Amino acid sequence: MNKIRGQIDIEHLSKTYGKFVALDNITLSFDGGKIHGLLGRNGAGKTTLLHLINAHLFPSAGQIRIDGETPFENPAVLRKICFIRESGNFKPNFKIKDVLELAQLAYPNWDQDFAQQLLGVFNLDPSKKVKALSKGMGSALGVIVGLASRAEVTIFDEPYIGMDVVHRQQFYDLLVEDYSRYPRTIILSTHLIDEVSKVFEGVVILDQGRVLMQEETDTLRQKAFYLRGEANQVDQLSQGLKVIHEEKLGTTKEVAVLGERSHELDLQAKQLAVTIESVPIQKLMVYLTTQTERGAQHASV
Amino acid sequence: MQAFKPVLKLVWFDIRASYFIFWSILLAVTIFNVILALSLPELRFGMSANFAVYAYMAAAGFLMIKETFPYSLGMSSTRYHYYWGLVLGFLGLAVAQAVSLLIYVLLFSSLTEWLGLADNFRIFSLRQVGLTDISWINMLIIDFTIGLLLLTLFSLAGAILYRFGWLILLIIGMVGIVLIMTPSFRAALEPLVEWVSVDLVLRLLILAGGVILFCLVCIKLVLRRATIEAGGKR
């Protein structure tokens, strides 16, 4: 059976800088033709992973395959990828029109009309130099190149630093609209998880160079839930469950539980007047990564 | 060829501003000197564009890789395509500078003669460095070779700096200086000097060709495992 194009398979990938381990033997896949969220705290290894996918860096061990081929010095694979970084994508003394002209040559699926249209959406003057752009406008230029490249694998690493909320929302809308017309593999590495999580179809959470979790977004939303109510009732209900976070406010208590809700639990909660709500992905990531941090601290004590 | 186009365009976009600024300044200075010579006929002076062009080539070569390699990788180019795009860019720039220099020398030599300034203001070229019977085509070839030599030599230094950082570049430079100062090394070079002296221009060009090839091979080796981060950070 043929796999969907833009499939990225990573096996036992490690990257070390001297004694520092940026990625530690990670194995994961980004399914072709989906929008993936790559999440994690600063220093989790997200940017390193994305650079390795683009063959900008060399792995210390393991391998990466895109549609079954290694990206390193492989023009057939690299021409499928458009990687927009947080900053430093374009030469500061180039004009916006120079950047678009270069992108037109670099990306085989480039859509110049779409790029022109996006310049209007983000109010960018093509005769302006990159160094004259504000942080947000520079990010908008990256977003334009990423979207108009229509690359089979489009990767955005924190693409909207400095962009205002209106432009960010426009980016999400354009991304979803264009993706629905031209399905491709999109990886979004971001800290603004709540804002963008509704567009993710799959989520990978990295923590300290390891894969903490990889799930379909819908599955992930069912993986954790809050219990809220009187402290005694909540404690009673959460006994035996894997609590990843708890917060007390007066006599009420809220706990975040990792695991799937059962029908029995729903009934018990109703009886005890405890509300059940799913945990937003951003909160889940925070709880999981702080939990591993605490675990590491406890282990080192 | 399609794969080289983004790199060639990147190199062109990178160099075009400095190229036009350089020639604008050079032309402005020359015109100023011509006016000065016309105004003050008792003054005896001259200027050479050759060394300015050579200095430009050295500076352009040194900065070229740092200014283009990471952006080229960022545009999903392979190191292989970047390298050959860079080599084509070097050839193009060396040709452009040699042709521009020749036009400049021809134009201003004729202009100063026509204005009767030949005695008090001179445009120095290779004719004034002992090559009096040199033809224009040979001047073109020599300037092209010197330009390309400087471009590749300083690009190698720039590539080492990009890949390994200042420390390694300085160590290599120091080792080179120590080698040159070592009498046994100088003695080993004597047969080469003798070989060159038999037919100075031709053999210097051949030697320059050898150095250019050596530099290009070294640049390829240095860039083979270079990453998007400069200075050996990653």
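The contact between the two chains takes 21 residues from chain A and 21 residues from chain B, contact meaning that the C-beta atoms of two residues, placed from the backbone, lie within 7 Å. The model is predicted, so local features need pLDDT of at least 70 and side-chain atom pairs count only at pLDDT 80 or more, whereas totals for chains, interfaces and linings use all residues. Residues are numbered from 1 along each chain as its sequence is written, and chains are lettered from A and ligands numbered from 1 in the order in which they are written.

On the side of chain B that touches chain A, the elements giving two or more residues are α1 (5–39), α2 (50–74) and α3 (79–114) of chain B. Helices (H or I, at least four residues) and strands (E, at least two) are DSSP runs, numbered from the N terminus. Helix α1(B) provides the largest share of this side, seven residues. By class, this side of chain B has ten nonpolar, five polar and six charged residues; Ala, Val, Leu, Ile, Met, Phe, Trp, Tyr, Cys and Pro count as nonpolar, Asp, Glu, Lys and Arg as charged, and the others, Gly among them, as polar.

P6(B) lies in helix α1 of chain B. Not counting residues up to four places away in sequence, P6(B) touches L102(A), L105(A) and A106(A) in chain A, and M75(B) and S77(B) in chain B. The C-alpha atoms of P6(B) and M75(B) are separated by 8.2 Å, although the two are 69 residues apart along the chain. P6(B) is buried, with 24 other C-beta atoms within 10 Å; a residue is buried if 20 or more other C-beta atoms lie within 10 Å of its own, exposed if 12 or fewer, and partly exposed in between.

The largest nonpolar core has 125 residues, of which V99(A), I144(A), I155(A) and L151(B) touch the most other members. Such a core is a set of buried Ala, Val, Leu, Ile, Met, Phe, Trp, Tyr and Cys residues joined through C-beta atoms within 7 Å. Its largest share, 13 residues, comes from helix α4 (residues 136–164) of chain B. Domain 1 (8–216) and domain 2 (222–300) of chain A both give residues to this core, so the core lies between them. Beyond four places in sequence, V99(A) touches F90(A), F94(A), V130(A), L141(A) and V145(A).

The bounds of the two domains come from an automatic or database domain assignment. The centres of domain 1 and domain 2 of chain A, taken over C-alpha atoms, are separated by 34 Å. Their contact takes 13 residues from domain 1 and eight residues from domain 2.

Chain A has eleven helices and 13 strands, and 40% of its 301 residues count as buried. Three of the strands form an open antiparallel sheet in the order β2-β1-β4, two strands being paired if DSSP finds at least two bridges between them. Strands β2 (20–30) and β4 (61–66) of chain A stand at the edges with a single partner strand each, so one side of each is left without a neighbour in the sheet. Strand β1 (residues 8–17) of chain A pairs with β2(A) over seven bridges, and K15(A) stands opposite L23(A) in β2(A). Helix α1 (residues 46–53) of chain A lies across β1, β2 and β4 of chain A and runs at about 120° to β1(A). Axes are lines fitted to C-alpha atoms, for helices over the stretch in contact, and angles run from 0 to 180 degrees between N-to-C directions.
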